[in-house]
Amino acid sequence: MDFDDFRAATERAEKLSAAGDDRAAARALAELAESDLPALDRALAWTQSAEARERLGEAGAALAAYDRAIALETPLLRFSAAFKKGDCLLRLGRRDESRDLFRSLLERPEATLAERRSLESRLKLLRRPPAKKP
């Protein structure tokens, strides 16, 4: 796949999502993630598919897509998908899992100072008691 094909496919998925068809967007992004793209482009497609699945209320599918992205980015010393998975876990109320993930990312030597600050902020947020539902 060349850059023009890649850009057209991502724009199509963005339009589907903007039109409220997150199911079709998630499928299109998963197809893109299964293509012959470089690993980080595939990881981004899995991450965007995960976000669409989360908007659909499909937590299991979202977390599975995040895991696919993490598997692609980790050997390349990246953790954008892992960070987003931590936020997803937090939104799902799975605070302990979120905390464990953010702590593990904070220990990674490749984290920049800005990334460390973001991780520390998430961990600080997780130290607060969960908000009570009305």
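**Note on the predicted model**

1. The structure is a predicted model. Among contacts between residues at least 6 apart in sequence, 45% join residues at least 24 apart.

2. Seven helices and zero strands make up the secondary structure of the protein. Its radius of gyration is 16 Å, close to the 14 Å that the globule rule gives for 134 residues, so the protein is as compact as a globular protein of that length. Along the principal axes, the C-alpha atoms fill a box of roughly 45 × 40 × 20 Å.

3. The accessible surface comes to about 8000 Å², and carbon and sulfur atoms account for 53% of this area. Of the 134 residues, 40% count as buried.

4. As for charge, the protein carries 26 positive and 24 negative side chains. The centres of these two sets lie 9 Å apart.

5. In soluble globular proteins, nonpolar side chains tend to be buried together. Here, the largest nonpolar core has 29 residues, and those with the most contacts inside it are Trp46, Phe79, Ala82, Phe102, Leu105 and Leu119. The elements giving two or more residues to this core are α2 (22-33), α3 (39-55), α4 (59-73), α5 (80-91), α6 (95-106) and α7 (113-127).

6. Leaving aside residues up to four places away in sequence, Trp46 touches Ala30, Ala33, Glu34, Ala65, Arg68, Ala69 and Leu72. A second, separate core has six residues, among them Ala13, Leu16, Ala25 and Leu29.

How values were computed. Residues are numbered from 1 along each chain as its sequence is written. This is a predicted model: local features need pLDDT of at least 70, side-chain atom pairs count only at pLDDT 80 or more; totals for chains, interfaces and linings use all residues. Side-chain values use heavy atoms; hydrogens and water are left out. Helices (H or I, at least four residues) and strands (E, at least two) are DSSP runs, numbered from the N terminus. The radius of gyration is taken over C-alpha atoms; the globule rule is 2.2 Å times the number of residues to the power 0.38. Buried means under 20% relative accessible area, exposed over 50%, partly exposed in between (1.4 Å probe, protein chains only). Contact means heavy atoms within 4.5 Å. Accessible areas come from the Shrake-Rupley method with a 1.4 Å probe; for residues, only the protein chains shown count as cover. Lys and Arg count as positive and Asp and Glu as negative; His and the chain ends are not counted. The place of a charge is taken as NZ of Lys, CZ of Arg, CG of Asp or CD of Glu. A nonpolar core is a set of buried Ala, Val, Leu, Ile, Met, Phe, Trp, Tyr and Cys residues joined through side-chain atoms within 4.5 Å.
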